[in-house]
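Please bring up the model.

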Amino acid sequence: MSEPRVRPDPAFALLDLYETALPEVYGYLLARCGDRGVAEELTSETFLGAVSACRNPGAPPVSTPWLIGVARHKLIDHWRRREREERGLRVVHESEADSVDPWDAELDALLAREVLESLGAHHRAALTLRYLDGLPVPEVARLMGRTVHATEALLVRARSAFRAAYREKEVRDD
């Protein structure tokens, strides 16, 4: 009588990759959210999610680019949660005004990061995916669960909100 074969746990592949992938995943997240605590939390969620995902039948091989993809999804989920919270707060404190102005000024990187962090999560997610990650609009739409047209409109509003907040912060800091 032969013994049943035990299939190795695919999550063990993560152990081999963990030390080299951890700094890359953390660095990716920190560069996009700018908050060490959030980046650490999302890095943990990424690896925990990766353990579950790699055990699914048909899961792709574990690699650093795959983990970065998992991290991207965790970051988007974080921004969505944050947006829901902010939306609830906006209902209480309605005070947003949109203004659209042509803008060709040079950006200060630190100021731009502060302004990006101050935007609503949906604007921050759209701008980050489109301009920091360099994703095409259809891919941004897919990741955010929106249509391409809705994403294009969101990007227009996000750029407008960014410009207005950037100018306001520039004036206040002068």
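This is a predicted model: local features need pLDDT of at least 70, side-chain atom pairs count only at pLDDT 80 or more; totals for chains, interfaces and linings use all residues.

Q: How many salt bridges does the structure hold?
A: Side chains of opposite charge can pair when their charged atoms come close. Here a salt bridge means a side-chain nitrogen of Lys or Arg within 4 Å of a carboxyl oxygen of Asp or Glu. The structure holds six.

Q: Where do D77 and R80 lie relative to each other in helix α3?
A: Helices are DSSP runs of H or I with at least four residues, numbered from the N terminus. D77 and R80 are three residues apart in helix α3 (residues 64-92), so about one helical turn separates them. Their salt bridge has its closest N and O atoms 3.9 Å apart.

Q: Which residue forms a salt bridge with R82?
A: E117 does, with the closest N and O atoms 3.1 Å apart. This pair links distant parts of the chain: E117 is in helix α4 (residues 109-118) and R82 in helix α3, 35 residues apart.

Q: Is R142 buried or exposed?
A: Buried means under 20% relative accessible area, exposed over 50%, and partly exposed in between (1.4 Å probe, protein chains only). R142 is exposed, at 51%. Its salt-bridge partner is E139, with the closest N and O atoms 2.7 Å apart. E139 is partly exposed, at 24%. Both residues lie in helix α6 (residues 137-144), three residues apart, about one turn of the helix.

Q: Which residues are linked in a network of salt bridges?
A: R32, R72 and D133 are.

Q: At what angle do helix α5 and α6 pack?
A: Axes are lines fitted to C-alpha atoms, for helices over the stretch in contact, and angles run from 0 to 180 degrees between N-to-C directions. Helix α5 (residues 121-132) packs against α6 at about 140 degrees, with the axes 9 Å apart. That makes α5 oblique to α6; under 35 degrees counts as roughly parallel, over 145 as roughly antiparallel, 65 to 115 as roughly perpendicular and the rest as oblique.

Q: Which residues make the contact?
A: Contact means heavy atoms within 4.5 Å. H122, A125, A126, L129 and R130 of α5 meet V137, V140, L143 and M144 of α6.

Definitions and conventions
Residues are numbered from 1 along each chain as its sequence is written. Side-chain values use heavy atoms; hydrogens and water are left out. Helices (H or I, at least four residues) and strands (E, at least two) are DSSP runs, numbered from the N terminus.
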